[in-house]
Amino acid sequence: MKSILSCALSFAATCYTLWYMHFDRPWTNDGALSTIGLEHRGLFAVWGIITLSALGFALFIAYRSVKKTKLLIPLFLLSSLGMALTLIFRFQNGLKPDFYLHCAGSLTFSAVTGVAVFLIFIMKKRKSFAVITASILIIDLIFLIICKETGLIEAVPIFAGYILLGIENVRSERLEASRKAEIA
């Protein structure tokens with residue numbers, strides 16, 4: 001049941017992100033989530049909170065199934081700190097300290113969350129999901145270096161995390177339910 005709730009939260013976060021991205025062209029630098037956030041601070045904060053919540057909830061479900069929740073706690077706290085910096089400080093070049101803290105927060109959130117997703121698939125021996133996660137993160141980094149920041153470059157790994165964690169959590173929950181039914 002938790003996995004279905006997590007999938008619903010991820011779906012809501014996906015819908016919100018897609019709606020939020022309509023304020024500009026997501027395939028351009030002007031369409032980067034942070035750039036849109038300069039004009040729509042409140043909506044950007046909602047995006048950050050719902051994104052962190054959806055990914056965090058899905059990760060906690062996944063990590064609990066391998067009894068490694070203690071590993072996730074520092075990762076989640078670091079990721080949350082990154083998101084907080086991203087939301088608090090503005091993405092404006094003229095405000096150098098704000099700009100650097102915003103970028104550091106965004107990079108911290110992205111990298112730590114990506115590592116947390118990758119690690120759960122390694123721990124659960126889901127090689128194909130680990131390879132997909134690593135590939136998306138590497139390709140996304142390459143596009144980030146080449147094209148700079150765009151809404152699509154930011155959103156694709158997040159959407160992939162929602163989908164992969166959703167599949168894994170629903171699958172694990174069903175396996176656990178079938179094991180309990182066999183025992184009973």
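Phe23 is partly exposed, since its relative accessible area is 30%; buried means under 20% relative accessible area, exposed over 50%, and partly exposed in between (1.4 Å probe, protein chains only). The model is predicted, so local features need pLDDT of at least 70 and side-chain atom pairs count only at pLDDT 80 or more, whereas totals for chains, interfaces and linings use all residues. Residues are numbered from 1 along each chain as its sequence is written, and side-chain values use heavy atoms, with hydrogens and water left out.

## Aromatic pairs

The whole structure holds 11 aromatic pairs. Rings of Phe, Tyr and Trp (its six-membered ring) pair if their centres lie within 6.5 Å; planes under 30 degrees apart count as stacked, over 60 as edge-to-face, and the rest as tilted. Tyr16 and Tyr20 form a stacked pair, because their ring centres are 6.4 Å apart and their planes meet at 15°.

Tyr16 and Tyr20 both belong to helix 1 (residues 2–20), where they are 4 residues apart and therefore separated by about one helical turn. Helices (H or I, at least four residues) are DSSP runs, numbered from the N terminus. Tyr16 is buried at 16% relative accessibility, and Tyr20 is buried at 0%.

Trp19 and Phe23 make an edge-to-face pair, with 5.3 Å from centre to centre and 80° between the planes. Trp19 is partly exposed, at 39% relative accessibility. One aromatic cluster brings together Tyr16, Trp19, Tyr20, Phe23, Phe44 and Trp47.

## A charge over a ring

Lys96 lies over the face of Phe99, 6.0 Å from the ring centre. A charge sits over a ring if NZ of Lys or CZ of Arg is within 6 Å of the ring centre and within 35 degrees of the ring normal.

Ile139 is located in helix 6 (residues 127–147) and is partly exposed at 46% relative accessibility. The C-alpha atoms of Ile139 and Ala8 are 27 Å apart, while the two residues are 131 residues apart along the chain.

Ile138 is also found in helix 6; this residue is exposed, with a relative accessible area of 53%. Together with Leu141, Ile142, Leu144, Ile145 and Ile146, Ile138 makes a nonpolar surface patch of about 600 Å². Such patches are made of residues with over 30% relative accessible area and no salt bridge, with nonpolar side chains (Val, Leu, Ile, Met, Phe, Trp, Tyr) joined within 5 Å. A salt bridge is a side-chain nitrogen of Lys or Arg within 4 Å of a carboxyl oxygen of Asp or Glu. Accessible areas come from the Shrake-Rupley method with a 1.4 Å probe.

Technical notes:
Helices (H or I, at least four residues) and strands (E, at least two) are DSSP runs, numbered from the N terminus. Patches are made of residues with over 30% relative accessible area and no salt bridge: like charges are joined within 9 Å, nonpolar side chains (Val, Leu, Ile, Met, Phe, Trp, Tyr) within 5 Å.
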